[in-house]
Amino acid sequence: TKIYILHTKISSIQIVHNSAVEAVLKHCPALKHLHCNTCPNLTDLDLASAIGAPSPCVRPEPLLECFYIYEAPGLTVNAFELLVDGFPRLQKIGNITSWAINCEGMQKISRTIREGNLDVAVLCGSHWFTSTCAESVHL
């Protein structure tokens, strides 16, 4: 029996541990949307571990379309690059205003999107009230 998690919104818990985010990203390739409130200790290294190196085993392509954490002060521009490279279907990413990104980092993100001709929306601020993510999941 396989269990597929297509949409997860971890918002009833104020603080989400970085290992929870890492485990969900690593072990749920059918996940389409990850929404969390606060992950104060989540780092680029956690995301790198979750996404991992290419495996010689056949793995299903990850289906993640939206990665949104309202507060993740330990993430940097490197996290953006890891997510875009690791999740080819990614369409929305945020809340980058709470990440450890300066003006140069924002410019690098903008360049990466433009030069890679990426179709990804960078979310700033709240995503909870305007999100249509759950509606796009068909069970």
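Colleague: What is the handedness of the crossing in which H3 passes H4?

Modeller: In this predicted model, the crossing of H3 past H4 is right-handed.

Colleague: Which quantities describe such a pair in general?

Modeller: Two packed helices are described by the angle between their axes and the distance between the axes. Here the axes of H3 (residues 77–86) and H4 (residues 103–115) cross at roughly 20° and come within 9 Å. Angles under 35 degrees count as roughly parallel, so H3 and H4 are roughly parallel to each other.

Colleague: Which residues of H3 and H4 meet?

Modeller: On the H3 side they are Val 77, Phe 80 and Glu 81. Their partners in H4 are Gly 105, Lys 108, Ile 109, Thr 112 and Ile 113.

Colleague: What covers the buried residues of H3?

Modeller: The buried residues of H3 are Val 77, Ala 79, Phe 80, Leu 83, Val 84 and Gly 86. Their cover includes helices H2 (44–51) and H4, along with strands E3 (66–71), E4 (92–94) and E5 (121–123).

Colleague: Where around the axis of H1 do its buried residues lie?

Modeller: H1 spans residues 18–27, and its buried residues are Asn 18, Val 21, Glu 22, Val 24 and Leu 25. They are on the same side of H1, because they cover an arc of only 165° around the axis.

Colleague: Ala 50 lies in H2. Is Ala 50 buried or exposed?

Modeller: Buried means under 20% relative accessible area; Ala 50 has 8%, so Ala 50 is buried. Leaving aside neighbours within four places in sequence, Ala 50 is in contact with Glu 22, Leu 25 and Lys 26.

Colleague: How many disulfides does a search of the whole structure find?

Modeller: A disulfide is a covalent bond between the sulfur atoms of two cysteines. The search finds zero. As for individual cysteines, Cys 66 counts as buried because its relative accessibility is 1%, whereas Cys 124, at 46%, counts as partly exposed.

Colleague: What pattern does the protein chain follow along the sequence?

Modeller: The chain has four helices and five strands, in the pattern β-α-β-α-β-α-β-α-β. Of its 139 residues, 41% are buried. Among contacts between residues at least 6 apart in sequence, 82% join residues at least 24 apart.

Notes. Residues are numbered from 1 along each chain as its sequence is written. This is a predicted model: local features need pLDDT of at least 70, side-chain atom pairs count only at pLDDT 80 or more; totals for chains, interfaces and linings use all residues. Side-chain values use heavy atoms; hydrogens and water are left out. A disulfide is a pair of cysteine sulfur atoms within 2.5 Å. Buried means under 20% relative accessible area, exposed over 50%, partly exposed in between (1.4 Å probe, protein chains only). Helices (H or I, at least four residues) and strands (E, at least two) are DSSP runs, numbered from the N terminus. The arc is that of the directions from the helix axis to the C-beta atoms. Axes are lines fitted to C-alpha atoms, for helices over the stretch in contact, and angles run from 0 to 180 degrees between N-to-C directions. Angles under 35 degrees count as roughly parallel, over 145 as roughly antiparallel, 65 to 115 as roughly perpendicular and the rest as oblique. A crossing is left-handed if the near helix is turned anticlockwise from the far one by less than a right angle, and right-handed if clockwise. Contact means heavy atoms within 4.5 Å.
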